[in-house]
Amino acid sequence: MKYLDEFQDPDLARRLLDDIHATVTRPWALMEVCGGQTHSIIRHGLDQLLPDQVELIHGPGCPVCVTPLEVIDKALEIASRPDVIFCSFGDMLRVPGTGRDLFQVRSEGGDVRVVYSPLDALKIAQDNPGREVVFFGIGFETTAPPNAMTVHQARKLGIRNFSLLVSHVRVPPAIASLMQSPQCRVQAFLAAGHVCSVMGTGEYPELAERYKVPIVVTGFEPLDILEGVRRAVRQLERGEHRMENAYPRAVRDEGNPAAKAMLADIFEVTDRAWRGIGVIPASGWRLAERYREYDAEHRFSVTAINTQEPAACRSGEVLQGLIKPHECEAFGTTCTPRSPLGATMVSSEGACAAYYLYRRLSTPSTPSTPSTPTTPMEASPVG
Ligand code: SF4
């Protein structure tokens, strides 16, 4: 298959690995930002092929995982209303809110529908003028443009029974927040290539300079990731800290100007809470004031819902790279994809799901090996 097989070539992978092994002289901790990269690393066993000195720390870039509990609870509240058709990507339906999830709302009679595009939700609104249709708009810089475009279309077409429950987040403020933490061990970042294909690379040189940390824009296939690691390790060994683009087949410095213009028109930057992490300043988007009529939080008066994360789930530590999933006491025992305690076990990009799915269970803290793993829900568009 063109554009996929050639980035999984074992001979080229071996060469990149040989180069990394020959370059490394001391321990380094690298964080891959995106959950899609985490799954690729664990699925292909890339971390086990690297020199012992190179540790890959899994980052917060799973959109489902970082959506805070209070936003899930707002979704549950809205989806329970008899006049509402609540539309979402499949990943979100099993994310536990306080006491239940969207699947349970559906089983109790709520009209909760899985869609594959926000435009599908807009079509449902067009076809059901007597109902309120809400789309659950979560994710990073990758999913924000189509959601913005859908609001643009709704206004253009005069569709008033459509709204967006927004919980969009931005990567660069999260990198800054991680680097400001006294517990941070990250010495280099593999930045998320798909995010940069939208936003470009412009925000990263300043971050690399401010925190003296190499940032390598990296793709998702095995060779992409090994090349990202190779470049990051080379910088670290040389004492450098630059932004490098190791994913030029998808990422241009300027990003996607049309998508950025759409984002700038529909959204405005806001402080945003990240699940298990807390509020990160300027780390999200909300609908701009002139589009507030499409904001489901305001339309359904759920802004006051404010819930706390459950103490049993350590996903906040997982998302910050402070622990690996199998170091959570609940991993594989009281928390599995079939019975998840946290979003990182549900999402197709969650680190806990990756460790469970690919059987990273051979640790002293894990008493038993579960039976056949349950595949996380069908992927929503990454990012
Ligand atoms: S294993 Fe389950 S309980 Fe533990 S951090 Fe992951 S999602 Fe949370």
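I count two strands as paired if DSSP finds at least two bridges between them. I keep in mind that this is a predicted model.

**Entry: a pair of strands**
I looked up strand β8, residues 215–218, and its pairing with β9. The two run in the parallel sense and share three bridges. I then checked V216 and found E244 of β9 opposite.

**Entry: the sheet**
Next I traced the sheet these strands belong to. I read an open sheet of five strands, in the order β2-β1-β7-β8-β9, with parallel pairing. From one strand to the next, I noted an average twist of 25°.
I also looked for a helix on this sheet. Helix α12, residues 222–238, packs there and touches β1 (28–34), β2, β7 (188–192), β8 and β9. The direction of α12 makes about 170° with that of β8.

**Entry: the hairpin**
I moved on to β10 (267–274) and β11 (278–287), which pair in the antiparallel sense over seven bridges. R272 has I280 in β11 as its bridge partner. Three residues lie between the strands of this hairpin. In the turn, I found G276 with a positive phi of about 75°.

**Entry: the ligand**
I noted that the ligand takes up the space of the largest cavity.

Definitions and conventions:
Residues numbered from 1 in each chain as written. Predicted model: local features only at pLDDT ≥ 70, side-chain atom pairs only at ≥ 80, totals over all residues. Heavy atoms only, no water. 1 Å grid on protein atoms, 1.4 Å probe; cavity = no way out; pocket = protein on both sides within 12 Å on 5 of 7 lines; lining within 4 Å. Sits in = over half its atoms within 2 Å of the grid points. Helix = DSSP H or I, 4+ residues; strand = E, 2+ residues; numbered from the N terminus. Axes fitted to C-alpha atoms, helices over the stretch in contact; angles between N-to-C directions. Contact = heavy atoms within 4.5 Å.
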